[in-house]
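Let's take a friendly walk through a structure together. Have a look at the picture, then read on.

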Amino acid sequence: MDNTKKQYMVSARSITKNFQLYANQSEKLKSTFLGNTADANFWALRGLSFDVEPGDVVGIVGTNGSGKSTLLNILSGVIPQTSGTLELNGSIGVVAINEGLNWDLTGRENIRLKQLMMGKTNKEIDEAMPDIIEFSELGEFIDQPVKDYSNGMRAKLGFSIVTHNDPDILIVDEALSVGDSNFSNKALSKIREFIAEKKTIFFVSHDLEQVREFTNKVMWIQYGEMRDFGPMKQVTDEYETFVKDLNAMSDEERDTFVSNQKHNQQIFTLAQLQDKLSLNGHNKEDVEARTAIRSFQGFKAIPLYTALTVLFGLMALVVYNYLLKG
Amino acid sequence: MWIMIKSIFSLVVEQVNYLGMAIRLAIYDTKANNAHKYLGNFWEILDPLFQVLTYAIIFGGGFRQSAPVEGTPYFVWMSVGFSAWYLVNQGFSDTIRSIQTQIFMVKNVKFPVSVLPTIRVLQVFPAVCSISIVAFISMALTGHFHVSIYWIQIIYYMFAALVMLFFLGIFSATINILIPDYDLAIRQVLRLLFFVSGILFEPAKGNAFNSLIYYISRVNPFYYIVNGWRDTFLFDRWFWNSPLQLTMFWLEIGIFAVIGTHLYLKFKDQLIDFI
């Protein structure tokens, strides 16, 4: 690691995620070629920027539907962001209740599959297998299909597999709340080991106490926007106040508040984000670079069509020769 | 244009680099698929053998006695072609859903999506080997088993088949995610294609209909591979002796390579949004 320059483990700039809601399948296909033609948009994330250093343990809090899962999915590369940039300097491991397990396979087969995907040879896997099985505490169940497992057992298996892959960045998504306290403690001590090794951890939990116990920084996301990102104590207190206020509202008030926020997420545009960035003192080029919709490019149109024309032309020539010569 | 050739080539290099992993995953997946059956992996061999046997009974024996083709007994002629046909047909139809069914496996892992179709192609090999053995046995029994210098060109035809399967696969697997109907539509085409690929009878010019089938078979890349297998093992013909078919085949592969790579590069990072 470079000591002269501060290096971030994760660096996000103005990340947005838009879910386009389509009436039917063909509308969806049309939009992939013609750009966004959706009848309705929903911006699950509206411009998140943050830097995370090695050794940071970041708690992510927010009420249901605030965009936590969307952020985690983007971090772990499951879905692409709509605009903005994300830089990761290390491998990622995700521990979540139903993450990445194949339900038809047995526990043992799942372990092997995951390790094969990491590029390990069968010999290496055979060596690591006893450790992983022992840590998962599944015992006889290891040779049963995962669909017969309880939630707690799945969480244990997932946790064992991911932590044995030794990722640089670990994402823990509510996974520890389903196991029994015995396993939670074991898992938490494993996480402490990771912290001691200066790995970066993202920790999502509805249990504020657990967040307080473990993290040193907290990110509070609300309705797709970053409300605050800073030292644990300060942000958790702010969040707690917010939740209290929300709970103190009458049902009607709360419904109006929430639906107003959701409406804002629907009518959000990237232009709004641009205005906000300009106000914060970013220059024009920077703003445009940050809000450019992430494009997926294949080949450029002209070489593509030229190549295809040439190939089809040659083919016509061959067919012509066939028919002439019989 | 240069970028295009480079990115197509780098896709192929990716396959070679990940070949070891792809083979391990293919073996693993086949085992896992058969783990709960009593006959287990034996089915990988049984299934294709029964297919070739069915065609042998219907067209070679009882129902319709077929004449020897160019001096080769029908069953020998058919089974040699069938081993090639099984490779291209089964390999191809298995790649169509390869990305769709396996994409959940590769999230969070640094593993290129383009290797997923290759895994499916590799899984066809045990079956192809078992049909080939049957074909060799039948060749030996009828006295047509002559190892010759021509057998070397199986390397060329195998290479051609693999390149075809790869680019067709990457094209189809991507398309199938964008357009879910593709899978079913292609199955109908493959069913028809079976009869214009020269598996059960050699297409020959005749009346308008027969000529049509004859001409389709000449431009059909699957026929090119099947015919190549027979040229190698039975008829002792070099592949450069049919330059027009050779050109046609590689032009077709070129088109699939260009369109397939384009679609793959365009959509590889957002495929999951479509599932």
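This is a predicted model: local features need pLDDT of at least 70, side-chain atom pairs count only at pLDDT 80 or more; totals for chains, interfaces and linings use all residues.

Residues are numbered from 1 along each chain as its sequence is written, while chains are lettered from A and ligands numbered from 1 in the order in which they are written.

**The sheet in chain A**

Chain A has an open sheet of three strands in the order β2-β1-β4, with antiparallel pairing. Strands here are DSSP runs of E with at least two residues, helices are runs of H or I with at least four, and both are numbered from the N terminus. Two strands pair if DSSP finds at least two bridges between them. β2 (40-52) and β4 (83-88) of chain A each have a single partner strand, so one side of each has no neighbour in the sheet. Strand β1 (residues 10-21) of chain A is joined to β4(A) by five bridges, and A:S11 stands opposite A:E87 in β4(A).

| Helix of chain A | Residues | Angle to a strand |
|---|---|---|
| α2 | 68-75 | about 65° to β2(A) |
| α10 | 270-279 | about 155° to β1(A) |

**Where chains A and B meet**

The contact takes 34 residues from chain A and 33 residues from chain B; residues are in contact if their C-beta atoms, placed from the backbone, lie within 7 Å. On the side of chain A that touches chain B, α12(A) gives the most, with 11 residues. By class, that side of chain A has 23 nonpolar, nine polar and two charged residues. Ala, Val, Leu, Ile, Met, Phe, Trp, Tyr, Cys and Pro count as nonpolar, Asp, Glu, Lys and Arg as charged, and the others, Gly among them, as polar.

**Two helices in chain B**

Helix α4 (residues 74-96) and helix α8 (residues 154-178) of chain B pack at about 25°, with axes 8 Å apart. α4(B) and α8(B) are therefore roughly parallel (angles under 35 degrees). Their contact residues divide into nine nonpolar, five polar and no charged.

**Domains of chain A**

The domain assignment gives domain 1 (10-91 + 167-295) and domain 2 (300-326); such bounds come from an automatic or database assignment. The centres of domain 1 and domain 2 of chain A, taken over C-alpha atoms, are 51 Å apart.

Note on methods
Axes are lines fitted to C-alpha atoms, for helices over the stretch in contact, and angles run from 0 to 180 degrees between N-to-C directions. Angles under 35 degrees count as roughly parallel, over 145 as roughly antiparallel, 65 to 115 as roughly perpendicular and the rest as oblique. Two residues are in contact if their C-beta atoms, placed from the backbone, lie within 7 Å.
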